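Me: I'm new to this one. Can you walk me through it?

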Amino acid sequence: MAVVEHGALVTRAGSIDWIGEEASAPAADQTVDLAGAWVTPGLIDCHTHLVFAGNRAGEYAERLQGASYEDIARLGGGILSTMRAVRVASEQQLFDESAPRLEALLAEGVTTVEIKSGYGLTLAGEAKMLRVARALGREYPVTIKTTLLAAHTVPPEFSDRAHDYIATIADEWLPALHSDSLVDAVDVFCEGIGFNIAQAERLFAAAKELGVPVKMHAEQLSRTGGTQLATRFDALSCDHLEYATAEDAVALARARTMPVLLPIAHYCLGGKQIPPIAAFRSCGGGMAVATDCNPGSAPGTSLLLAMSMATRLFGLTAAEALAGVTRHAARALGLGVETGAVGSSAQAGRAANARRARCGELAVGAAADFVVWNVSAIEELGYWIGFNPCRQVIRAGRVVS
Ligand code: DI6
Ligand code: FE
């Protein structure tokens, strides 16, 4: 983490035009004195399922009594329970229920959010969720990246036909939703209670054909080996990773696939297994941190809490946690400042992303997304629990709060 003391930055047309020490700052039309406050890049929540209807507090109560997440899923609860609520919700209802969750994230300095589908599980239902995600991005001062997660669980229409379901997503839904510009990436829940490696590969091949980048929910509840597959497809990220191995960490770093840590889900599920943090650290590829905001395993709308849990539960340093919600989170979305320099191994989707506004760092040319904090040390960001030290948020060069 590079710290500029007595720093200044100049913005122009929504981007950072200059950054350095105040003493050598160029003249500007208008200046704002932040009186020595800490400034970070706008925070990035790179893994959420925040568009959904209803909640699953009842299942949480069952888990407190000893039921497992997998048992509840196998009995038709879990993701299918939220699927039923989302299917009957109108687009407006879905927007209205999701907006307060987005507002909670933004209040803590978040300026970019990834939102996954995955509770419609029909073409129309997935399209509805993705349109709501796009609408949130138009109505709020935030950059939204959408991810198609139709491969979240097998819906009743395809029961016992997971293979047909994946084929339908790959051959019909993905091309249709992609041509409606609703899909920035494709994700799959690769897990014992989700989809297997062959099914993930089938979906990834279709995404690659279209030039859509891929991501994976990998090694969350068991080790499936999904990470190794994802890295062969130049995945932007592999997320969860509690059961990943040191070998997986090496593969991730080689492929420049970002490991994404989701400590709120780990906490809410009472997880015992910790992702291989030391291996990620020694491979030097970075680690991102996100909320995983969803009604089942992580009903959380605080990225600062995710930072706190990443440090306390997973052992990240304060600097790693901050990089995890800024620089490294940007890379997990293909928005990293260094994305453009990935080189020949970069897939088409990454190149397309590189042309969009880059973020996650205070660097010349990056989006002028930044946060002014009421803290005296940057360690305070993952230290307070339930206290919000965010003073002011600037997105694309404009004060938004
Ligand atoms: N892993 C998760 O953390 C979420 N989905 C997934 O594949 C949980 C989704 C849910 O329980 O509703
Ligand atoms: Fe998730």
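Reply: Some terms first: strands (E, at least two residues) and helices (H or I, at least four) are DSSP runs numbered from the N terminus, and two strands pair if DSSP finds at least two bridges between them. This is a predicted model, where local features need pLDDT of at least 70, side-chain atom pairs count only at pLDDT 80 or more, and totals for chains, interfaces and linings use all residues. Residues are numbered from 1 along each chain as its sequence is written.

Me: What order do the strands of the open four-stranded sheet have?
Reply: The order is E8-E9-E10-E11, with parallel pairing.

Me: Which strands stand at the edges?
Reply: E8 and E11 (288-289) do. Each has a single partner strand, so one side of each lacks a neighbour in the sheet.

Me: How many bridges join E8 and E9?
Reply: Four, in the parallel sense, with E9 covering residues 237-240. Lys-215 stands opposite Ser-237 in E9.

Me: New topic. Which residues coordinate the iron ion (ligand 2)?
Reply: His-47 (NE2), His-49 (NE2), His-217 (NE2) and Asp-292 (OD), at 2.1 to 2.3 Å. Donors are N, O and S atoms within 2.8 Å of the metal (3.2 Å for Na, K and Ca); water is not among the atoms, so sites may look incomplete.

Me: Where do His-47 and His-217 sit in the chain?
Reply: His-47 is in the loop between strand E4 (43-45) and helix H1 (57-64), while His-217 is in strand E8 (residues 215-218). They are 170 residues apart.

Me: Buried or exposed, His-47 and His-217?
Reply: Both are buried, meaning under 20% relative accessible area (1.4 Å probe, protein chains only).

Conventions. Chains lettered and ligands numbered in written order. Heavy atoms only, no water. Buried < 20%, exposed > 50% of the residue type's maximum accessible area, 1.4 Å probe, protein only.
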